[in-house]
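Please work through each task before reading its solution.

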Amino acid sequence: MLQRALAWYAGLLQRAPLRTNLCTASPLMAVGDATAQRLEGGDRPLDVQRTTTMVAYSALVFTPLFFYLYRWQDRVLRGTPVWLAFQKSLASIVIGGVPGNALFLTLSTTLEMGLFGKRPTCGRPDATIREVIGENLR
């Protein structure tokens with residue numbers, strides 16, 4: 001049974017790799033964030049807006065960014081196993097991590113203020129989304 005399920009999943013990855021990764025990563029992010037909230041907050045109710053933000057980040061930024069980054073690395077980078085690991089780590093940090101973090105701050109601020117109507121918790125309470133994003137990125 002498990003072998004059939006894994007074969008089916010491998011087939012999906014072959015036919016539609018990005019879509020399959022998105023359909024896998026998004027629910028995993030939801031479960032992971034809900035679990036983190038439970039561990040952090042005990043009896044506090046689940047923050048659905050936070051989980052929505054994390055799932056949106058996973059689906060719109062993280063998964064596609066690293067999907068294409070890893071494919072690019074496999075095509076372009078060469079060398080001994082140790083040198084290749086070093087190059088991939090560095091590329092993941094510089095090309096993926098820095099822009100990914102900036103995009104997280106931008107997306108989370110936009111969703112929190114624009115969609116969920118939250119006001120900034122630091123700085124001016126009347127700051128615009130653009131101003132808060134700029135401050136977060138600084």
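**Exercise 1.** State which residues form one aromatic cluster.

*Solution.* In this predicted model, one aromatic cluster is formed by Tyr-57, Phe-62, Phe-66, Tyr-70 and Phe-104. The structure as a whole holds 6 aromatic pairs.

**Exercise 2.** Classify the pair of Tyr-57 and Phe-104 by the angle of the ring planes, and locate both residues in the chain.

*Solution.* Step 1: the ring centres of Tyr-57 and Phe-104 lie 5.0 Å apart, and the cut-off for a pair is 6.5 Å. Step 2: the planes stand at 85 degrees; because angles over 60 degrees count as edge-to-face, the pair is edge-to-face. Step 3: Tyr-57 belongs to helix 3 (residues 48-76) and Phe-104 to helix 4 (residues 81-115).

**Exercise 3.** Classify the pair of Phe-62 and Phe-66, and describe how the two residues are placed in helix 3.

*Solution.* Step 1: the ring centres of Phe-62 and Phe-66 are 4.7 Å apart, and the planes meet at 40 degrees, so the pair is tilted. Step 2: the two residues are 4 residues apart in helix 3, a separation of about one helical turn. Step 3: Phe-62, at 39% relative accessibility, is partly exposed, whereas Phe-66, at 11%, is buried.

Definitions and conventions:
Residues numbered from 1 in each chain as written. Predicted model: local features only at pLDDT ≥ 70, side-chain atom pairs only at ≥ 80, totals over all residues. Heavy atoms only, no water. Phe/Tyr/Trp six-rings, centres within 6.5 Å; stacked < 30°, edge-to-face > 60°. Buried < 20%, exposed > 50% of the residue type's maximum accessible area, 1.4 Å probe, protein only.
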